[in-house]
Amino acid sequence: MAVNLLEMAKGYLTDAVVNRVSGSLNESPENTQKALMGALPVFLSGLISKSSAPDGPGFLTGMLQNFMPGSSTPAMAADDDPDAMMQKGGGLLDAVFGSNSGLIGGALAQYAGVKSASASGLMGMAGSVITGLLGRQMASQGTGASGLVSLLADQREAVTAAMPSGLSSLLGAIPGLGALGGIMGGLTGATGSALSGVTGGLGSAIGGAGGTAPTAFDDVRGSATGGPTGMAADDRGDKGFNFMPWILGAIVLAALVYFLRGCGDKKDSTAVTSSTMNDTTSASTRDVTATSMADSAGNNAGAMMDTASTAIGNAADKVGDAVANAAASLGAFGAKKLPDGVELNIPANGVENRLITFIDDKSMMVDKKTWFDFDRLLFETGSAKLKPESREQLQNMAAILKAYPAVNLKIGGYTDNAGNAASNKKLSQQRADAAMAELTKLGVDKTRLEAEGYGQEIPIADNTTAEGRQKNRRTSVRVTKK
């Protein structure tokens, strides 16, 4: 292999760069380094998978044009701003991994011991570095799209060798990551190999002994089930099933079984007298009672473990179904050319495509009832701070507004009915304002935008169910002029 993209990427991530990034994210340099070294092969594995599809050359060309437009040498330089690279990389993650980007960030956070938001930013930075190297290869070597596909195919062995085993296990163990599991399996030539260790890894993914483990599971809720509705995981409500009391109870009961049976095995060798016979009879009775209690405790422990295992399995199935349904509902990503010639890489059923269809269709009139829900707009839990992975969709929305200069939009924020109504309304307003502010930063005239938070006032689903509350937590957009 003449070119090793991973080694070239590592050459950019010097100690000075790592220290700067760790300071910006408020993470330790060691954990930041660990996360970046894990993020590089993960991103490259996803890129290899995308490029090997029938439309691989077109995807690579569109990706380089979308994320590095107007640059003859789009690769990064030593003085590039790492913060800007992390932000820019959010769109790359969605382009490569789609709705799984949040799950992958959660696994990386657990593996490296960093915050989920930091992991997403570091994944984005890894994506920017790899994509920059591909852009440089295209510019300096005159490599076409088909040549890039071949170059990426040549990286398989290096990616397999560089993939940390702990991170690979976490990715395979998180429910709903079948797509990425296929990538890992394909790289090693063993179908489904990434699914090994699901049983062992699931406890960690859901919140076992590690302490940072809940991060991965929280991201499953926030990105997989929260993503399509536009909000992050519930800021106040639905607490997940707590498995730890069951597991701890089972362990205690098992210890009790061992202790009682251990005591029962001890025999008294004292000569039998009338008194010792009575003692022996009493001891025998105690042995029988202890054994009975131990058997009962063992049976209860087994039943409780079975119940906990079933509950974990059911929870995993639900999360996996939610991820699969979310990805299926968005449809496949593809190129969409705007009137000004800009080409977007967007999902068939995503908010961007639906908004463009509404704008283009002259028979669809502007009204106050037609809203489109963001499907990849995410916020930090309990705040109006946008997650880095939200930037790609907002960039798409800004591009649409620039291509249709007569169009004005209104952004609406919504919550479920959990918690205080006034607080809910305040948070929804702040989130709508945050989305609007980001669009203005991307070059959209502020006079073309409005933002309003409706809190829990306009539910679209039943707030008495977890699924209904999830749908009600959303950020939406409405055309006010076209």
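What follows is a friendly conversation about a predicted model of a protein chain.

Biologist: Let's begin with the whole chain. How many helices and strands does the protein chain have?
Modeller: Keep in mind that this is a predicted model. Its chain holds 482 residues, and buried ones make up 48% of them. As for the elements, the count is 19 helices and six strands.

Biologist: Among contacts between residues at least 6 apart in sequence, what percentage join residues at least 24 apart?
Modeller: Contact here means heavy atoms within 4.5 Å. Taking the contacts between residues at least 6 apart in sequence, the share that joins residues at least 24 apart is 75%.

Biologist: Let's look inside. Which residues have the most contacts inside the largest nonpolar core?
Modeller: In soluble globular proteins, nonpolar side chains tend to be buried together. The largest nonpolar core here has 54 residues. Apart from it lies another core, of 34 residues, with Leu344, Leu394, Met397 and Ile400 among them. In the largest core, the residues with the most contacts are Phe43, Leu47, Met123 and Met125.

Biologist: Which residues is Leu47 in contact with, leaving aside its neighbours within four places in sequence?
Modeller: Leu47 is one of the residues with the most contacts inside the largest core. With the neighbours within four places set aside, its contacts are Phe59, Leu60, Met63, Val96, Ile130, Leu134 and Leu152.

Biologist: Let's turn to helix α2. Which residues on the other side of α2 from the buried ones are exposed?
Modeller: Val17, Val18, Val21, Ser22 and Leu25 are buried in α2. They cover an arc of only 130° around the axis, which puts them on the same side of the helix. An α-helix has 3.6 residues a turn, so residues three or four places apart point the same way. On the other side of α2, the exposed residues are Asp15, Ala16 and Gly23.

Biologist: Is Ser24 buried, partly exposed or exposed?
Modeller: Ser24 has its place in helix α2. Because its relative accessibility is 41%, Ser24 counts as partly exposed.

Biologist: On to the strands. Which residue in β2 is the bridge partner of Lys337?
Modeller: Strand β1 (residues 333-337) pairs with β2 in the antiparallel sense, over five bridges. The two form a hairpin with five residues between them, and Gly341 in the turn has a positive phi of about 95°. Four of the five residues of β2 are buried, so that strand is largely enclosed by the rest of the structure. The partner of Lys337 in β2 is Glu343.

Biologist: Which strands stand at the edges of the open sheet of four strands?
Modeller: The sheet has mixed pairing and the order β3-β6-β4-β5. Each edge strand has a single partner strand, so one side of each is left without a neighbour in the sheet. The strands at the edges are β3 and β5.

Biologist: How many bridges join β4 to β6?
Modeller: Strand β4 (residues 408-414) and strand β6 (residues 474-481) run antiparallel. Within this pairing, Gly412 stands opposite Ser476, and Asn408 stands opposite Lys481. The number of bridges that join β4 to β6 is seven.

Biologist: Which residue in β6 is the bridge partner of Phe372?
Modeller: β6 is mostly covered, with six of its eight residues buried. It pairs with β3 in the antiparallel sense, over two bridges. There, the bridge partner of Phe372 is Val477.

Biologist: One last residue. The backbone oxygen of which residue lies 2.9 Å from a polar atom of the side chain of Arg431?
Modeller: Arg431 is part of helix α18. At 1% relative accessibility, Arg431 counts as buried. The backbone oxygen that lies 2.9 Å from a polar atom of its side chain belongs to Ser383.

Key:
Residues numbered from 1 in each chain as written. Predicted model: local features only at pLDDT ≥ 70, side-chain atom pairs only at ≥ 80, totals over all residues. Heavy atoms only, no water. Buried < 20%, exposed > 50% of the residue type's maximum accessible area, 1.4 Å probe, protein only. Polar contact = N/O pair within 3.5 Å; in protein donor to acceptor, adjacent residues only side chain to side chain. Core = buried A, V, L, I, M, F, W, Y, C linked by side-chain atoms within 4.5 Å. Arc of directions from axis to C-beta. Pairing = 2+ DSSP bridges.
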